[in-house]
Amino acid sequence: MDYDVLIIGAGMSGLAAGIRLAYYGKRVCIVEKHYRVGGLNSFYNLGGHKLDVGLHAMTNYVPKGVKLAPLPKLLRQLKLKAEDFGLCPQQMSVIKFPDKTLRFNNDFDFFVQEVIDNFPRQADNFQKLLKTIFEYDELNLHAKPISAREVVSSIISDPLLSNMIFCPLMFYGNAQENDMEFGQFVIMFKSIFCEGFARPRAGVRRILDVLVKKYKACGGELKMRCAVKSLKCANSKVESILLENGEVLTADRILSSAGYVETMKLLTDYDFSKFNSHAGRLSFVEFILVLSKEPAEMGYETTIVFYNNSDRFDYRRPDGLVDVSSGVICCPNNFQFESPLPEGMIRITNLANFDLWNRLGEEEYKAQKAAWLETTLKEVVKFVPDFRDSIVFTDIFTPKTICRFTGRINGAVYGTPNKTKTGKTHLDNLFICGTDQGFLGIVGAMLSGISMANLHVLQKV
Amino acid sequence: MTKEQIKDTILKIIAQIIPDEDLSNLKGDIPIREQVELDSMDFLDIIMELRKRYGIEVPEDDYIHLATLDSSVAYLEPRMKEL
């Protein structure tokens, strides 16, 4: 088969790109190697429970009627209505460090006041930081990367406040260890603090459902369980696409959401030594705990806790299997839903080391999962009511699980630290979209697919 | 299409892309993007709709001709008069 555009991966970015292209009459095909769409933001059923991967909350939430923000922009581009995702705003989230707590909801002024109340001496500096953030053009694809740590510490003189601001921004979308590119920092700051969190009642399923239906209604083709084996290159172009099932496809242009290095590895002229250093190495372990009751019954109303329990805040691949000294505790029940979710749930995310998990034998792998569950629970009940007696079901995924289901090297959920913002590769008709292009978060991923489809396909006559 | 019909067509396309905006007072000689909330992504959709509905190809270098309503009509007239 011959297509105008072939898209690798039916995640958020691939589906969004597909909708744009199919809507405007391109012959487009998305190939997805998994039997399920979603990629890094997907879902599964286990033990009679409906579980999500990836999405804790959708960032960038703005109420209906706000026009100049990424979410409405995205809805317009995908020809969707504000109601389509069924987003319900969060209740209240917190950043908890030793001796300090900063709360935030979807009202930015509330967060600003929290910072001023808790760090009165930093009030002026914080305003200066906000000015710097708002004056920065984070969407400029050609901006030179600068260190967010350097920018922020040159303005905020209290490292505790600086770390507390960095903590959620890093956990929710930073591929770089210990530092963050300032453009990414601005994107994440706006998406989490200025805009906010929301979640559809049915979680990530709802969003994916809407995207797949729209894509198909526009005439797009979706091939599931259909992995790309290799991309045959000649004359600085990808000439044909060989699938694992032996089929050969051709396409004028290819958009890959598989990751930069992961895509390069599919090229028949791939030079391993050239690209390997670009692979990201930050990954996570997630503990999903189904409870016998609603967390609200235990008096717990917080949506998300970003905690750090040591004097430093280290965002880097840990030396051990898991780093429980900091993490994210998400309660999917605690959004403003019209009716309660069918069951109580707590999800805990911690930094983890892919190599160490990957090295374990089957028995040891299981034993380590159980042991780390104990360890992390002991840690998180310092921040939430002790819910351990209410746990009725547990599932745990590790960097190894992420790698197996998404194909991401090192299970690196935020991809490579070296983003390809323009989406261009050394081949004329091969482009990168999604995580490794560089707009992060769920809204960011979709905007990445849209932007790359616009820039590299639709704008070209 | 007459000039008036072309202008109506453009307004209908814009209304579809940004349904919440009031287009009744749009001035012909001032850039459209200075009068209504229309970002570069929305602007691209005007061009995409012209292609989708009427098969008109506007090359990237010519996007500038679609800045105002009047210049759009002038640019599109020779391309749309046979429609």
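Chain A splits into three pieces in its domain assignment, which is automatic or taken from a database: domain 1 (2–85 + 203–278 + 417–458), domain 2 (108–192) and domain 3 (281–406). This is a predicted model, in which local features need pLDDT of at least 70, side-chain atom pairs count only at pLDDT 80 or more, and totals for chains, interfaces and linings use all residues. Residues are numbered from 1 along each chain as its sequence is written, while chains are lettered from A and ligands numbered from 1 in the order in which they are written.

Let's look at domains 1 and 3 of chain A. Their centres, taken over C-alpha atoms, are 28 Å apart. Across the boundary, 11 residues of domain 1 of chain A are in contact with 13 residues of domain 3 of chain A; contact here means C-beta atoms, placed from the backbone, within 7 Å. On the domain 1 side you'll find 5 nonpolar, 6 polar and no charged residues. (Ala, Val, Leu, Ile, Met, Phe, Trp, Tyr, Cys and Pro count as nonpolar, Asp, Glu, Lys and Arg as charged, and the others, Gly among them, as polar.)

Now for helix packing in chain A. Helix H1 (residues 12–23) of chain A packs against H14(A) at about 40 degrees, with the axes 7 Å apart. Helices (H or I, at least four residues) and strands (E, at least two) are DSSP runs, numbered from the N terminus. Axes are lines fitted to C-alpha atoms, for helices over the stretch in contact, and angles run from 0 to 180 degrees between N-to-C directions. That angle makes H1(A) oblique to H14(A), oblique being whatever is left once angles under 35 degrees (roughly parallel), over 145 (roughly antiparallel) and 65 to 115 (roughly perpendicular) are taken out. Among the residues that meet are Ala16(A) and Ala17(A) from H1(A), and Ile442(A) and Ala445(A) from H14(A). By class, this contact has 12 nonpolar, 5 polar and 1 charged residues.

For the complex, the predictor gives an ipTM of 0.90 and a pTM of 0.95.

Finally, chain B has its own helix pair: the axes of helix H1 (residues 3–17) of chain B and helix H4 (residues 69–80) of chain B come within 9 Å and cross at roughly 115 degrees. Their contact divides into 6 nonpolar, 1 polar and 3 charged residues.

How values were computed:
Two residues are in contact if their C-beta atoms, placed from the backbone, lie within 7 Å.
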